[in-house]
Amino acid sequence: MELPETFMEKMGKLLGKEADDFFRSYEKPRASGLRLNPTKVSETEWHAHNPFHLEKIPFASGYYFDEEKDKPGKHPYHAAGLYYIQEPSAMFIAGQLGLEKGDKVLDLCAAPGGKSTQIASGIGENGFLLANEIHPKRVRALSENIERLGFSNTVVTNETPEKLSRHFENYFDKILVDAPCSGEGMFRKDPEAARFWSQEHVEACAQKQRTILEHALKMLKPGGTLVYSTCTFSPEENEQTIEAFLARHEDMALVPIPHEHGVGPGKPEWATEKRKDLSNAARLWPHRLKGEGHFAAKMRKHAEETGQKVPLEKGMKLSKQQEKDWTTFAKNTLEHFDPGRRSFFLYKNELFLLPFNCPQLKGLHLVRCGLHLGTFKKNRFEPNHALALSLKAGQCKHRMDLRAESSECIRYLKGETLPGTSENRGWILITVDGFPLGWSKEAGGILKNFYPKGLRIV
């Protein structure tokens, strides 16, 4: 591929003898990967169903797939949310947060959702993830991916870092800042990015990244972990940005990231003050491992203060009719579905189930408030697609299981009706090889298709 001349000169000076190997990597095909969704399928279950040619990624929790032989994006298992298709090096980043069950986590620049979905699975159903994206178009893709993978512990917002920092001061246990950058590490994946590259753009990105980090720090509780990452090679956006940040904040310290399986250290010699602890950061190079270019720095905040408590979001009381409609639906359709101590959230006629211990959300531009249960219509409740994808097969009283390779499964994904029974059982969960795929409604011997129109195979 054709690389900008100025970029080649810059990387040639930085890498020296290694530059030839680096530039040769652009002549090789890029690697493609998928990461399993452990909230839906275990490794053991997956290996019993796996239809692809997979190879374990040594430096991240995912698999390479064969782009010539496999089309995982078109398989019904993708629609069922069993995995997320993600660039292999990108899988490395969220793994550095040191996630624990019950953590409160912020993914500040979250679209399209690869790292968010990895975080959501790592913190468990009692954790809380705020996945934020400032760009309105990109936030829709983020919300759809959270839905497809079936998470109920996540709130999606469309906000500025500045506004969030006023709302969540000293609140989060872990924060990921996967910062907008010049994208040099993705030139092989996105040749368009190479055409728009300039040194001026690099410097503008670095300035923006420093501002975003300042807002992120305000939201990190004492003792908390902040991971900063980019998909670029420029020292201005990586070591130099981290060096400047640490110089301003002595209460933050770099934590070592493991350098193994081709993952290299940060480069202190590329920073202004050349502080040695920058080697604790990590660089993923396309000529050293099978993946694109990334940078990651892990920092911890000294724990001298205590974190702030943000008031919890209060549950909304349903009207008598809404209570009746929801209860009737749940009694006739669901089994072993327990909201527990989670609260309902109403937006107009849309009913959501908030994450456990959800903080107050008033004043924020909300895109998804936890699990979208469904819609109140005239004297009835209609379930949302998100509810189907959050269930286990045994949590619905009536279901129809389709084989992934069957014509019925393709017909369902196209939005066509399927033959039912004469029992008129109402809402039926459609599953593929035992994994929930969507809703249908049985009446008159026919299963009416409720698979969302925007997701249907054309």
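Me: Contact means heavy atoms within 4.5 Å. Leaving aside neighbours within four places in sequence, which residues is Lys10 in contact with?

Reply: This is a predicted model, where local features need pLDDT of at least 70 and side-chain atom pairs pLDDT 80 or more, while totals for chains, interfaces and linings use all residues. Numbering starts from 1 along each chain as its sequence is written, and side-chain values use heavy atoms, without hydrogens or water. Lys10 sits in helix 1 (residues 5-15), helices being DSSP runs of H or I, at least four residues, numbered from the N terminus. Its contacts are Trp197, Gln199, Val202, Ser234, Pro235 and Glu236.

Me: Is Lys10 buried or exposed, going by relative accessible area (buried under 20%, exposed over 50%, partly exposed in between; 1.4 Å probe, protein chains only)?

Reply: The relative accessible area of Lys10 comes out at 15%. That's under the 20% cut-off, so call Lys10 buried.

Me: Which side chain makes a polar contact with the side chain of Lys10?

Reply: Look for N or O atoms within 3.5 Å, one able to donate a hydrogen and the other to accept it (for residues adjacent in sequence, both must be side-chain atoms). At 3.0 Å, the partner of Lys10 is Glu236.

Me: Which exposed residues does helix 12 carry on the face turned away from its buried side?

Reply: Gln322, Asp325, Trp326, Phe329 and Thr333 are the buried residues of helix 12. They cover an arc (directions from the helix axis to the C-beta atoms) of only 95 degrees, so they're on the same side of helix 12. The face turned away carries Lys320, Lys324 and Lys331.

Definitions and conventions:
Helices (H or I, at least four residues) and strands (E, at least two) are DSSP runs, numbered from the N terminus.
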